Amino acid sequence: MKTGKLYVSLILMVFMPLWLHSQTENVDLTMIYKIKQEGNQNSKIEELATGLTDFVGPRLTGSSGSTRGNEWAKKKMEEFGFQNVRIEEATDFNRGGWDNLKTYAAMTGPYYANFACNPVAWTGSTAGLVKGEVILVDVRSESDLEKYKGTLSGKIILMPSTSSTSYEISFQPLASRLTDEQLLQLSKESAPAGGRRPGQPFDIAAMLAQRLLRNKITELLKSEGAAVILNNAGTYNIPRSNGAGYNSGDKEPIAELNIPMEAHGRMERLIRQKVPVEMEVEILNKFFPNPKVYNVVGEIPGTDKNLKNEVVLLGAHIDSWHGGTGAADDASGCIVMMEALRIIKNLNVAPRRTIRVALWGGEEQGLNGSRGYVEKYLVDPKTKDHKADYDKFSVYFNMDNGSGRYRGINLQQNDMAGPVFEALLEPFAPLGCSTIAIRNTGGTDHLSFDRVGLPGFQFIQDEIEYGRGYHTVMDTYERLILADLRINAIITASLAYHAAMRNEKFPRKPVMNMPVQGGPGGRPPMQ
Ligand SMILES: [Zn+2]
């Protein structure tokens, strides 16, 4: 405890009515010093980063890579001396298992050019190496479908560019740090931030019409028996890594590839100028039944006889898309959370509450792992009754905004947690991490806790190569800033330690009989 704070607090106690007096946070600067030393001098961030990206590879939900990742994480947690380490089932997974075993595509006429590409997850294989002329299926309205009937069997199909997949030169920097001005702005926000940025009008009717037409085109391609579909991979001229809305047991969708916009653009322009384009493509994917979504969990047990069954939870999602190695999204978060717990473990402290780390599966398909955890331990999904651990839950910290340094915390509108974070983050002001924003953020695993009334927080982070790295083939080790991750682990370790030591659990939002607030959170694009 710092004497300055105590003094102010005493004055408040004397002169203020009781209801204005908040608990004085006990900030253990000696422990913060030790955490910093361990986190800086003995950091395992680099080892963890190469392990979860290069050694394990991509970790698409339900793929064999996700099994590899879970086993790697379990082994690391055991090496670090965490207890009750386990890979536990969270939920079923309706899309089934899927591995990409081979992808090759090249233009062979009018001249040879090969290019990088990425299959759409949960789409099918080609019948070996498919060769032939590329057909541009340019459908602007339903009436255009007619002219393609009877012409597409066994063909390589190029889907045309759209307004959102046409290249525009960017004059923005690839990566940026939040400026003092921007942080000040964040701290002043009083309403939930809107999800869309200025200059992006959103026409839902047009979007639905577009989707309907796209479904009709897919139906046509399916009934005609097209060999393979090629998409423009879109902005940032990097093949997007995404998935089809496939349900386990359905017929395998037609093989589908996302190709770089330069390669796509070149072929589309040639075809539109009546120059025949030929390609060869081979894709081999494997489907397998009944995978589950798993979480990897480990902990340092609490030691206080009254508080040891209460839990401070740290988490991030271990699943990724399949194109890169899921480095920024979200190996970075997993690495930070594992390192934070390792730091605390290595300092041999005896936390009063249990500090647990959970690496979630299936986040990208709808927060499956964290939702499964909540349903297993905290709230019955059917009756909504609280389970025994609900009252023993203190707080959840989530990291899923890429590799950027922590700059503060989003309160998720939990006013009561504001003073706690103010005190706990104050020692990290010199590292640039002390902004407290009242706003809601969405899009990732802290929501699974927030939506059942438990304190779940996501950090404010610098946006590092967000668009280029997220859900693309370029989300690899190169996207990581190890120095930032080291700092994030130190700050997480300190928050977790203090949350585990304070007298009270983290403040919760009071239960109120009001409709749940909807609308988009202020989330950055895609997590
Ligand atoms: Zn993510």
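## Aromatic cluster

W360, Y373, Y377, F393, Y396 and F449 together make up one aromatic cluster. The model is a predicted one, in which local features need pLDDT of at least 70 and side-chain atom pairs count only at pLDDT 80 or more, while totals for chains, interfaces and linings use all residues. Residues are numbered from 1 along each chain as its sequence is written, and side-chain values use heavy atoms, with hydrogens and water left out.

## The pair W360 and F449

Searching the whole structure gives 19 aromatic pairs (ring centres of Phe, Tyr and Trp, the last by its six-membered ring, within 6.5 Å; stacked under 30 degrees between planes, edge-to-face over 60, tilted for the rest). W360 and F449 form a tilted pair, with 5.9 Å from centre to centre and 45 degrees between the planes. Because W360 belongs to strand 12 (residues 354-360) and F449 to helix 11 (residues 446-450), this pair ties together parts that lie 89 residues apart in sequence; helices (H or I, at least four residues) and strands (E, at least two) are DSSP runs numbered from the N terminus. W360 is buried at 0% relative accessibility, and F449 is likewise buried at 0% (buried being under 20% relative accessible area, with a 1.4 Å probe and protein chains only).

How values were computed
Buried < 20%, exposed > 50% of the residue type's maximum accessible area, 1.4 Å probe, protein only.
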